[in-house]
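This report covers selected local features of one model. The sequence and structure come first, and the notes follow.

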Amino acid sequence: MILDDLVAATRTRLARAEATKPLAPLREAALATPVPTGGPRFLEALDAHFGLIAELKQASPSKGVIATAFPVAQIAADYEAGGVDAMSVLTEPTYFHGSLATLREVAGQTQVPLLRKDFILDDRMLLEARAAGASLVLLIVGILADGQLRELYTTALKLGLVPLVECHNEDEIRRALVLQPQLIGVNNRDLRDFSVDFENSIRLRAMVPPTIKVIAESGITEPGQLTVLRRGGLDGALIGETFMRATDRRATVQRYRAASEAAV
Ligand SMILES: O=C(O)c1ccccc1NCC(=O)[C@H](O)[C@H](O)COP(=O)(O)O
């Protein structure tokens, strides 16, 4: 199963890093960066309007290579000019062709809040996220035991990182709610078999108290879907492939932004 492969590949990278890169200098570098302000700013934006997160993703396990050209600075500039509230930066190298260097590059040019999108299993990855300029981190409930999830969640908050706690089904929502998180992501894609069910985020939103913000992730291909999500009580959406494949990314994001603000 792909999710097992993704976790195994992450564990291998972590073991290599453990053996070659001591944690103390990384911790020092992470804590030397200013306390991130992007997470709280993103949450405030969700109070004001429907949030739009645009993803930088060159490839994925389900689609292979999505963008043969990947001009990071240009993509980030287009997303910012299009009016996104945050950007999600894939840092997983093997299946998504991502890297921390990409995250650092984006962080070097924008104040827009950045989410480190990866299969986070260890505190080291949280330190890397902060050191590279992220202010939000993805915690995928489906790959973490309860204790691990709580520890990573707590450490992220201590580092000033806002966790986006990703769920796909009812059981994962129940496990996430124990944390009383500020932000939940509902993935419409089943990461075990790649099937996408757009209604999933609307269905699961009903299980989450309105005080917790909920972001719909994956499978959004039409601006009109944002209206449906807003009607369903979602607070924002994360869009990857559709924006990555757009020939004019800035104009495409602007169209989705406008649709997200249209009367429902
Ligand atoms: O996208 C995949 O193929 C994938 C496979 C296995 C684990 C995670 C995967 N994607 C991560 C994501 O959740 C998406 O990149 C993100 O939600 C954006 O989705 P989309 O708009 O459909 O590109």
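The model is a predicted one: local features need pLDDT of at least 70, side-chain atom pairs count only at pLDDT 80 or more, and totals for chains, interfaces and linings use all residues. Numbering starts from 1 along each chain, as its sequence is written.

In helix H9 (residues 170-177), the buried residues are Glu172, Ile173 and Ala176. They lie on the same side of H9 because they cover an arc of only 105 degrees around the axis. The arc is taken over the directions from the helix axis to the C-beta atoms. A residue is buried if 20 or more other C-beta atoms lie within 10 Å of its own, exposed if 12 or fewer, and partly exposed in between, with C-beta atoms placed from the backbone. Among the elements that cover the buried residues of H9 are strand S7 (162-167), strand S8 (183-187) and helix H10 (200-205). Helices (H or I, at least four residues) and strands (E, at least two) are DSSP runs numbered from the N terminus.

From C-alpha to C-alpha, Arg203 and Pro223 are 20 Å apart in space, and they are 20 residues apart in sequence.

Helix H6 (residues 100-107) has Thr102, Leu103, Val106 and Ala107 as buried residues. Seen down the axis of H6, these fall within an arc of 135 degrees, so they line one face of the helix. Their cover includes strand S1 (51-56), helix H4 (72-82), strand S4 (86-90), strand S5 (114-117) and helix H7 (123-132).

His97 sits in the loop between helix H5 (93-96) and H6. Its phi is near 55 degrees, a positive value in a residue other than glycine. Most residues other than glycine have a negative phi. His97 counts as partly exposed, because 17 C-beta neighbours lie inside 10 Å.

Ile215 is part of strand S9. With 26 C-beta neighbours inside 10 Å, Ile215 is buried. Leaving out residues up to four places away in sequence, Ile215 touches Gly51, Ile53, Leu164, Leu183, Gly185, Asp235, Gly236, Ala237 and Leu238. Contact here requires C-beta atoms, placed from the backbone, to lie within 7 Å. Ile215 and Ile2 are 213 residues apart in sequence, and their C-alpha atoms are 23 Å apart in space.

Ser218 lies in the loop between strand S9 (213-217) and H11. Phi of Ser218 is near 80 degrees, also a positive value in a residue other than glycine. Ser218 counts as buried, with 26 C-beta neighbours inside 10 Å.

## The crossing of H11 and H13

Helix H11 (residues 224-231) and helix H13 (residues 249-261) have axes that come within 8 Å and cross at roughly 35 degrees. Axes are lines fitted to C-alpha atoms, for helices over the stretch in contact, and angles run from 0 to 180 degrees between N-to-C directions. The crossing is right-handed, meaning that the near helix is turned clockwise from the far one by less than a right angle.

Gly224, Leu226 and Thr227 of H11 make the contact with Tyr256, Ala259 and Ser260 of H13. By class, the contact residues are three nonpolar, three polar and no charged. Ala, Val, Leu, Ile, Met, Phe, Trp, Tyr, Cys and Pro count as nonpolar, Asp, Glu, Lys and Arg as charged, and the others, Gly among them, as polar.

## The shell around the ligand

The ligand is surrounded by 19 residues, the closest being Ser60, Ser62, Glu217, Gly240 and Glu241. The shell divides into seven nonpolar, seven polar and five charged residues.

Thr10 belongs to helix H1 (residues 2-20) and is buried, with 20 C-beta neighbours inside 10 Å. Not counting residues up to four places away in sequence, Thr10 touches Phe119 and Leu121. Thr10 and Ile120 are 110 residues apart in sequence and 8.1 Å apart in space, C-alpha to C-alpha.

Pro25 is in helix H2 (residues 23-32). Pro25 is exposed, with 10 other C-beta atoms within 10 Å. From Pro25 to Leu161 the separation is 136 residues in sequence and 19 Å in space, C-alpha to C-alpha.

Conventions: Contact = placed C-beta atoms within 7 Å. Near = placed C-beta within 6 Å.
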